[in-house]
Amino acid sequence: MPFLQEDLYSAPQPALFLVDNHHEVYLWQGWWPIENKITGSARIRWASDRKSAMETVLQYSRGKNLKKPPPKSYLIHAGLEPLTFTNMFPSWEHREDIAEITEMDMEVSNQIILVEEVLAKLCKTIYPLADLLARPLPEGVDPLKLEIYLTDEDFEFALDMTRDEYNALPTWKQVNLKKAKGLF
């Protein structure tokens with residue numbers, strides 16, 4: 001295999017790599033460097049990049065061999081790589097420093113996770129009001145548009161008006177209303 005651990009770890013982070021061993025497909029996800037502050041917009045872009053990468057992995061897997069079922073696709077986190085992944089490389093050195101960064105930044109483990117499961121969470125479009133009022137927000141949620149993730153019932157309960165009434169308001173009134181109701 002032409003890939004080395006160094007190829008993954010020396011890339012500008014956070015990075016995403018598709019690794020195919022002809023039996024399974026892996027999406028290796030790098031870490032967010034500690035020296036880089038993670039802003040809300042950066043998190044949104046990262047969630048979007050991850051979502052696109054996961055969709056690409058699944059599409060790639062489905063297109064590998066149309067006569068056979070697609071291979072399983074797994075999400076792997078930097079520093080927490082399982083043996084099934086690290087055994088593909090000629091040598092592998094566990095990086096505890098990266099494992100600590102990864103564990104601080106995300107709710108992850110070194111368990112093997114199917115890409116489909118993580119993608120389903122990132123593609124979720126409706127959340128209970130309590131989830132949107134809690135911090136940290138669910139992964140992939142745009143903190144500037146929390147109202148779009150509410151059911152119509154929760155929307156009316158939280159903002160005391162229908163979506164149509166809300167959408168008729170000028171933008172500045174929408175923002176002030178969301179701030180007053182804790183949805184900003």
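Helices (H or I, at least four residues) and strands (E, at least two) are DSSP runs, numbered from the N terminus. The model described here is predicted: local features need pLDDT of at least 70, side-chain atom pairs count only at pLDDT 80 or more, and totals for chains, interfaces and linings use all residues. Residues are numbered from 1 along each chain as its sequence is written, and side-chain values use heavy atoms, with hydrogens and water left out.

Strand β2 covers residues 24-29, and five of its six residues are buried, meaning under 20% relative accessible area with a 1.4 Å probe, protein chains only. Strands count as paired if DSSP finds at least two bridges between them. The pairings of β2 are as follows.

| Strand paired with β2 | Bridges | Direction |
|---|---|---|
| β1 (residues 16-20) | five bridges | antiparallel |
| β3 (residues 72-77) | six bridges | parallel |

V25 of β2 is the bridge partner of D20, and V25 also stands opposite S73 in β3. Three residues lie between the strands in the hairpin of β1 and β2, where H22 has a positive phi near 80°.

**The second largest pocket**

A pocket is an open set of points on a 1 Å grid where a 1.4 Å probe fits, with protein on both sides within 12 Å along at least five of seven lines; lining residues have an atom within 4 Å of a point. The second largest pocket holds about 220 Å³ of space, a volume being the space filled by probe spheres set on the points. Its lining has 14 residues, with A47, S48, K51, L122 and G140 nearest the centre. Helix α2 (residues 40-64) gives the most to this lining, five residues. Domain 1 (5-123) and domain 2 (129-181) each supply at least three residues to the lining, with domain bounds taken from an automatic or database assignment.

Methods: Buried < 20%, exposed > 50% of the residue type's maximum accessible area, 1.4 Å probe, protein only.
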